[in-house]
Amino acid sequence: MRLPLGAEQVPLPGRSRRSAVSHADPDLLRRRPDSQHGRQPPPQREPLHRPGRPQAARTGRGADRLTAVAHELIMGGPPAGQCANPPPTVAQARGGVVAKARTRSGNIPFAATSFIGRRRQRREVRDRLASGRLVSLIGPGGVGKSRLALQVADEINHLFENGVHLVELASVAAADDVPAAVIDALGIVDRSNRPATAMLLEFVRDREMLLVLDNCEHVLDGATALVDDILRHAPSTRILVTTRASLTVTEEFLYPVPPLTVPGDAEPATVESLLQFESVRLLQERAEAASPGFVLDERNAAAAARLCVQLEGIPLAIELAAARTRILSLEQILERLADRFGLLTTGSRSAAPRQQTLRSLVDWSFDLCTEPERRLWARLSVFAGGFDLAAAEAVCGEGGDAAGRGGTASTLDLLSSLVNQSVLDVEGRESTIRFRMLETIRAYGAEKLALAGQADAIRERHRRYFLDVVRGLERSWCGPGQASAARWMRVERENLRAAFDSAPPGGTYQLELVAGLRYRWYADGHIAEGRRWADEALDAPGAAPEPTPSRTTALWVAARVCLLQGDHEAATRRLDECEAAAARLQLDDAAAHCIGLRGLAAQLRGDLAEAERHFAVAVGALAGVGEVAEWLMASFEYAVVLSLGGRSEDAAAVSTPALAVSRDRDERWARSYLTWSRGLDQWLHGEVAAADATALDALREHRTFDPSLGTALMTELLAWTAGSTGQLDRAAQLIGASHSLWRRTGTELAAFGPQLTGFHAACCDRLEKTMSARALTAALRAGAKRSPTGIIAHALAERSAGGTGEDVAPALTNRQHEIAELISKGMTSPQIADALVISARTVESHVEAIMTRLGFASRSQIAAWYVGQSS
């Protein structure tokens, strides 16, 4: 007996209200189409039979019934013109209340706890069961596959005439015993000596039912064979599988089950804002059940958010952590989370043994792997934040060549197997696929690597690989690959830091990595980070006092970073040591760098004459030792000094050949600065319109990189040109944006000398005198809300209104605009997918398209652009 969808339903006796179908999402249990109003059923999505299959069993009542079930799975109701069975009424004498309940057919157990979230996943699994007959929920242990399967099965139980049946395979030891386990779950009684598979197929042949095969991964061969037989001989049976590895059956639709949603880094730690995330709601509810005095409030909201993030939204880990709230606060749990396997050990006694502790859960997955797979799992634990195929082959491959080919399974084959077993997750990032381990799985692998005595050797390979790549990027920097190089350094930041931390403090490796990453520090806007890394390496306790080539190079890199932060004392100390080391070791390149940096220091102090003397020597010295990238930057700095001294022709004589070399090499970083120097010179000589156009050209060149001090300098110049032409509101907005830019880069305009600071002060003074306080404040705030990329897009769009159409920011589709808006709110791809009812993979595709259209390299740039456009 069935209730029509949308009818009132109440829990059966002894069943939790939250776990009953009554709490199912209204979006999942939609109303039936109203045939009286002429509503027609939608077109069927795809045929419920497959070509080449016998059709005899599908004719007549069985075929009609199967079509009706598929329609109701998709639409939440029967086809128009068909009447649903009238709802039965069950009188339950409880205080005179008469309630309605549906008959549940099968053996799906009642849930002991409430089901949290997963609206989109429940809807999508339901739709997949409507359009196909085999859906496999796949994912790592503890992610919630079984619970999701049982929830979906419970919600659609009434759609299957012969019920929904759960087959728990966790305790089945051998693949050959799978048919017997299904027979037992279905309650089939047969005392004949026929094979179990034949007996089962005869039973299900003409029945309309849903089979839920839970935990198939350890009996994969037996489950695969049986599922294939059922699909071929029982056309009215559908199968929902939970597994950590694919069945690899042709009809199988793989549905990866993601972790629960977690707060983002920028999410305010308030109870109201955090409860929109499934992981936080699960933690709150389970903690309240475990510890009656627990309350999620403003005092522990931040700890709750951090805990859910560190547990990566894995439901089992969160539930195990919640059980600890009986004796620990959330803050105390966080402090002990470094030993997550020792901490998360108090699961429900009614759960399967492998689900009672975090370690036993991961043990289960590890034991299912082959020895080569286990070895690769352990080795991959050295990566932080993900890795690509090239890194995995170089760091973790067995002997032979870099790809691990040489008598054993290749690294690629083993990676594929670990992905198939949900040990690894796959992330699409532009044209390169990346792999990622959940932190729990990574920490387990690290333990196994240490026990095998291989930790030091694999970490050394990890360090060597990343330093080799950094050296290659450093050598090829002055060319067309700058954008991809900067992007790689962004993406691999966590691995680079892990390599740095695992090396001896102050040793050659750390020093070489600091020097090799210099373009990340001052080209891609991470000056403060570069200063920290350089200080750690150069000032490490026990660092070798004797000069070495690697230390000498790190010294002049650190000196430039210090100067860009305005710390002249530290820069002088680094340069003094660098010059002494360069003289002792006869390092001409380091000596040339020191001369240029002495000139930069003088310029930033406002001593233009001394700066000119140093730069006049430095540009020749740097060219002589083949340091093209540094020669380009020294030429830019020299040209600025000459322009500030009123020597426009001399400045052009310096910048023109440098711009020519930059264009020939198709590099953009130095070119954007050289172009800016031209704009500054034009503005100083009263050519305001030309200066504005040139500054915008510089911005266009510089937008390839993350917002940096170059973006701030260019924004300042645009503000000055706007102020000079009376565009007061625009000038004020640009000044507001520049303030936030300087804070973001870890430095300030004052670090660039009194001349530029004076221009800024004069612009601000003009605005204060000509604008009302209210208007000025509003404009400054509006500009501060815009991020650098938002300013760039806004400025280019403004210019195109009076110029050529080629400067217009590329248009986005309506869907891309929606996704950009949600990115600006700090939402992750899974959260956006939930909000728009699309897959996370589709979201990622749209994000990549947005980046391509706008020329961006990160989600933060998209967010900033959208905020700027909205403003």
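Predicted model: local features only at pLDDT ≥ 70, side-chain atom pairs only at ≥ 80, totals over all residues.

**Entry 1: the whole protein.** I began with the surface: the accessible area of the protein comes to about 36,300 Å², and 51% of that belongs to carbon and sulfur atoms. Next I checked burial, and 54% of the 871 residues are buried. For the secondary structure I found 40 helices and 10 strands. I also looked at contacts between residues at least 6 apart in sequence: 71% of them join residues at least 24 apart.

Entry 2: In what order do the strands of the open sheet run? I read 4-5-6-3-7 for its 5 strands, with parallel pairing. At the edges I found strand 4 (164–168) and strand 7 (253–256), each of which pairs on one side only. From one strand to the next, the twist averages 20°.

I then zoomed in on one pair. Strand 3 (residues 134–138) and strand 6 (residues 237–243) run parallel and are joined by 5 bridges. As a landmark there, I noted that Ser 136 stands opposite Val 241 in strand 6.

**Entry 3: helices against the sheet.** Which strands does helix 6 touch? Helix 6 (residues 220–233) packs on the sheet and touches strand 3, strand 5 and strand 6. I noted about 165° between the direction of helix 6 and that of strand 6. Helix 4 (residues 178–186) lies across strand 4 and strand 5 (209–214), and runs at about 135° to strand 4.

**Entry 4: positive phi.** Asn 215 has a positive phi, near 65°. I located Asn 215 in the loop between strand 5 and helix 6. Its relative accessibility is 7%, so Asn 215 counts as buried.

Arg 118 also has a positive phi, near 60°. This residue sits in the loop between strand 2 (97–99) and helix 2 (119–131). Is Arg 118 buried or exposed? I found a relative accessible area of 2%, so Arg 118 is buried.

**Entry 5: a serine in a helix.** My last stop was Ser 365, which is found in helix 13 (residues 358–368). Why does Ser 365 count as buried? Because its relative accessibility is 12%, and the cut-off for buried is under 20%. Leaving out residues up to four places away in sequence, I listed Arg 244 and Trp 377 as what Ser 365 touches.

Key. Residues numbered from 1 in each chain as written. Heavy atoms only, no water. Pairing = 2+ DSSP bridges. Helix = DSSP H or I, 4+ residues; strand = E, 2+ residues; numbered from the N terminus. Axes fitted to C-alpha atoms, helices over the stretch in contact; angles between N-to-C directions. Contact = heavy atoms within 4.5 Å. Buried < 20%, exposed > 50% of the residue type's maximum accessible area, 1.4 Å probe, protein only. Areas by Shrake-Rupley, 256 points an atom, 1.4 Å probe, with all protein chains shown as cover.
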